[in-house]
Amino acid sequence: MQISRESQEFLKNLRVYLLSSGKNEQEINDIVEELEDHLHEAEKNGKDVDEIIGQSPKEYMNQLADEMPLDLTSVLKYIPIIILGGFSFILMEDAIRGNLEYSLLEIIGYPSGLLINLFLIGAAFKYLASTKLSATKQWLILSIVGMVPTALFVGIYYLDRFIETPAFQLGTFGVASAVVVSISVFIGIAVWSKSWVTIIIPLLLFLPKVLIDMTSIEGDTKLIVNSILPFLLVGLYLLIVSKKEQQI
């Protein structure tokens with residue numbers, strides 16, 4: 001079914017907005033498919049999106065979200081997946097550095113930080129889906145949201161230096177177990193989500209560090225390469241994915 005690019009963009013934003021609002025995915029799919037049929041028929045008669053929905057896209061999305069019940073089950077099922085995924089990144093990073101010691105404050109603080117970031121990501125996607133912004137402003141908002149977990153984790157790190165709490169340290173076996181558990185979680189989430197992202201991103205982030213540590217590079221050069229190269233690779237990968245999606 002062929003519809004205009006404007007209508008395609010509207011349906012994509014509607015889907016993102018409703019998903020970010022915690023609505024049932026199957027109900028969202030049904031609504032989007034039905035609306036796509038209406039848009040197709042209306043466009044044959046020369047009408048555009050605003051004429052069809054009778055109000056601004058933002059108002060329509062708000063109204064539709066208010067009419068749909070919150071799918072609490074779907075919302076809650078993502079929380080343990082996100083916490084497991086977040087912890088797996090932390091465990092893998094620390095295992096590569098050979099430092100697996102966590103205080104009680106860190107054990108409580110890291111999941112709390114991930115949940116706060118989850119809420120902010122949902123709010124950001126809702127705003128971006130319902131508001132027309134330039135690509136630069138969209139990237140700026142996403143960049144700010146993306147820096148939040150780093151700021152939270154840095155805050156937890158320094159707070160941990162002032163507040164003494166019990167610490168738990170893992171030995172050699174713990175390091176090996178952490179690597180196995182992290183890899184298993186990455187693969188499990190990839191299978192569950194039917195996406196290679198949770199396998200490709202960790203590979204791009206961690207494999208360069210392992211390979212660089214095996215080279216003769218030393219000192220500041222090694223530190224700079226380890227700090228910059230993984231993020232450049234991830235940025236390049238996301239850019240390629242974005243370009244491919246725009247061509248569809």
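Modeller: Happy to! This is a predicted model. Phe 10, Asn 13, Leu 14, Tyr 17 and Leu 18 in α1 meet Pro 57, Tyr 60, Met 61, Asn 62, Leu 64 and Ala 65 in α4. By class, that contact of α1 with α4 holds nine nonpolar, two polar and no charged residues.

Biologist: Thanks! Are α1 and α4 roughly parallel or oblique to each other?

Modeller: Helix α1 covers residues 5–20 and helix α4 covers residues 57–67, and their axes are 10 Å apart. The two pack at an angle of about 40°. Angles under 35 degrees would count as roughly parallel, and those from 65 to 115 as roughly perpendicular. That angle therefore makes α1, relative to α4, oblique.

Biologist: And is the crossing of α1 and α4 left-handed or right-handed?

Modeller: Here the angle between the packed helices is about 40°. The crossing of α1 and α4 is right-handed.

Biologist: Let's turn to α6. How are α1 and α6 oriented to each other?

Modeller: The axes of α1 and α6 come within 8 Å and cross at roughly 150°. Angles over 145 degrees count as roughly antiparallel. The relation of α1 to α6 is therefore roughly antiparallel.

Biologist: Which residues in α6 does α1 meet?

Modeller: α1 passes α6 in a left-handed crossing. From α1, the residues involved are Asn 13, Val 16, Tyr 17 and Ser 20. Their partners in α6 are Gly 122, Phe 125, Lys 126, Ala 129 and Ser 130.

Biologist: How many charged residues does the contact of α1 with α6 have?

Modeller: Among the residues meeting there are Asn 13 in α1 and Lys 126 in α6. Sorted by class, the contact of α1 with α6 has four nonpolar and four polar residues, and the number of charged ones is one.

Biologist: What distance should α6 span at 1.5 Å a residue?

Modeller: Helix α6 runs over residues 104–130, which is 27 residues. The expected span is 1.5 Å times one less than the number of residues.

Biologist: Which residues is Asp 94 in contact with, leaving aside its neighbours within four places in sequence?

Modeller: Asp 94 lies in helix α5, residues 72–97. Asp 94 is buried, with a relative accessible area of 9%. Beyond those sequence neighbours, the contacts of Asp 94 are Asn 99, Leu 100 and Tyr 102.

Biologist: What separates the C-alpha atoms of Ser 177 and Leu 91?

Modeller: Ser 177 is placed in helix α8, residues 172–193. Ser 177 is partly exposed, its relative accessible area being 26%. Ser 177 and Leu 91 are 86 residues apart along the chain, and their C-alpha atoms are separated by 9.8 Å.

Biologist: Finally, the whole chain: what share of its 248 residues count as buried?

Modeller: The chain has ten helices and two strands, and its C-alpha atoms fill a box of roughly 70 × 40 × 30 Å along the principal axes. Among contacts between residues at least 6 apart in sequence, 75% join residues at least 24 apart. Of the 248 residues, the share that counts as buried is 29%.

Notes:
Residues numbered from 1 in each chain as written. Predicted model: local features only at pLDDT ≥ 70, side-chain atom pairs only at ≥ 80, totals over all residues. Heavy atoms only, no water. Axes fitted to C-alpha atoms, helices over the stretch in contact; angles between N-to-C directions. Helix = DSSP H or I, 4+ residues; strand = E, 2+ residues; numbered from the N terminus. Left-handed = near helix turned anticlockwise from the far one by under 90°. Contact = heavy atoms within 4.5 Å. Nonpolar A, V, L, I, M, F, W, Y, C, P; charged D, E, K, R; others polar. Buried < 20%, exposed > 50% of the residue type's maximum accessible area, 1.4 Å probe, protein only.
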